[in-house]
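Here is my note on the side-chain contacts and the surface. Please read it with the structure open.

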Amino acid sequence: MTVLPLARFSVARSRVVVPPLDWVLVGCAGLIMTIGTLLVWSATATNDVLTGGDSTAYLHKHLVNVVIGLVLGAVVMATDHRWVRIVTPLVYAGSVVGLLLVLVMGSTINGSRSWLMIGGLSIQPAEFAKLAVVIGMAMIVAERTENSRRRKVGLVDVALMGAVAGLPAILIMAQPDLGTMLVLTATVFGVLAVAGVPRRWLVGLLAGGLTLAMLVVAAGVLKAYQVNRFLAFTNPDLDPRGAGYNTTQARIAIGNGGLFGQGLFDGSQTRSRFVPEQHTDFIFTVAGEELGLVGAGLVIVLFAVLLWRALLIARHAEDMFGRVAAAGIACWFAFQAFQNIGMCLGIMPVTGVPLPLVSYGGSSMFASMMAIGLLVNIGMRGTGAGRPGFGVRPLGR
């Protein structure tokens with residue numbers, strides 16, 4: 001009998017390519033949200049008018065917003081950003097419809113018709129419009145440059161991106177929501193700069209924007225209280241009990257904190273409810289008073305690290321859409337954080353914008369977490385090999 005030799009089989013271990021998360025970005029976002037949750041709890045715990053006597057009422061609501069935001073962010077993160085690019089027209093159309101519905105059937109809060117009330121849920125479509133405009137402009141510049149031999153942005157490209165940003169801007173101004181309009185304007189300017197628009201055009205757009213702003217004020221589009229806020233910004237003592245009240249009380253609260261703060265839940269201004277809207281627009285005053293310069297500085301440092309990672313992701317993005325979208329989100333977060341913290345410190349006018357990932361509010365939290373999810377998504381598929389958090393890493397070696 002002939003015995004056939006056993007065949008030798010070699011089993012090669014498979015190489016699984018897993019795109020890693022940017023843990024620095026994720027960790028910063030998580031720490032900012034954790035601090036924000038504590039600040040919201042502290043700002044509302046003793047405010048029986050808001051809570052109805054339940055000191056944890058707003059804590060529970062904020063935690064629900066955080067959980068929903070985490071789910072939305074995870075969904076965006078798990079979806080290849082190239083698919084996000086494909087559905088961008090639908091996202092943009094949805095945001096425009098939401099802004100139109102606000103003007104038709106929205107609710108007016110603090111002088112601005114910015115909210116849609118659906119049952120017990122309040123939605124602010126302008127928050128989602130920021131993300132829609134960023135990815136809409138990114139899609140335009142990507143389609144125009146990647147599908148042609150030229151790589152430079154031309155006049156037609158700028159006009160198309162301006163149209164994408166202009167429609168939501170007009171609808172937001174009609175509410176009127178001046179704070180969101182300022183953030184959107186800064187974001188659009190940043191996106192145009194990253195897209196490669198010539199500097200002379202950027203200077204021209206800036207000059208045109210300033211001229212338009214003066215015409216808007218002269219035409220009486222802004223409400224009287226909005227104009228008074230700008231006047232109070234230049235001189236808070238002009239109306240200390242009216243338009244300048246918020247800025248004055250915010251400065252007092254932050255000044256009370258000193259170096260290490262009065263302690264969480266122990267801020268005198270916070271417990272006495274002297275600062276209006278302290279759980280939303282003026283949340284940073286709670287950090288300044290109760291955590292002091294050290295704690296408030298930590299919040300700023302965490303935002304700085306988050307923005308640094310966002311810009312690195314933009315730099316190492318594999319395509320134009322990812323690069324412009326990541327940079328646009330960085331511009332959005334940077335200016336909104338600067339505007340919010342600045343108005344608490346008295347170096348920016350009071351315009352009523354939340355601090356991303358910190359302030360109480362579902363719409364802001366949802367839009368911010370979706371933006372973070374998109375940043376992580378773009379970073380996972382970046383080309384920055386050799387840098388922590390970028391590129392792909394083979395397993396099984």
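1. Helices (H or I, at least four residues) and strands (E, at least two) are DSSP runs, numbered from the N terminus. The model is predicted: local features need pLDDT of at least 70, side-chain atom pairs count only at pLDDT 80 or more, and totals for chains, interfaces and linings use all residues. Residues are numbered from 1 along each chain as its sequence is written, and side-chain values use heavy atoms, with hydrogens and water left out.

2. Start at the surface. Leu90 belongs to helix α4, residues 81-105. Its relative accessibility is 66%, so Leu90 is classed as exposed (buried is under 20% relative accessible area, exposed over 50%, partly exposed in between; 1.4 Å probe, protein chains only).

3. Salt bridges next. A search of the whole structure gives 3 (a side-chain nitrogen of Lys or Arg within 4 Å of a carboxyl oxygen of Asp or Glu). One joins Arg309 to Asp22, with the closest N and O atoms 3.1 Å apart. This pair links distant parts of the chain: Arg309 is in helix α12 (residues 283-315), Asp22 in the loop between β1 (16-18) and α1, 287 residues apart. Arg309 is buried at 5% relative accessibility. Asp22 is buried too, at 2%.

4. Arg309 has another contact. It lies over the face of Trp308, 4.8 Å from the ring centre. The criterion for a charge over a ring is NZ of Lys or CZ of Arg within 6 Å of the ring centre and within 35 degrees of the ring normal. Likewise, the charged end of Lys61 sits over the ring of Tyr58, 4.7 Å from its centre.

5. Back to helix α4. Arg85 and Glu143 form a salt bridge, 3.1 Å from N to O. Arg85 lies in helix α4 and Glu143 in helix α5 (residues 125-146), so the bridge ties together parts 58 residues apart in sequence. Arg85 is buried at 13%; Glu143 is partly exposed at 35%.

6. Which residue does Lys130 meet in a salt bridge? The partner is Glu127, at 3.1 Å from N to O. Both Lys130 and Glu127 are buried.
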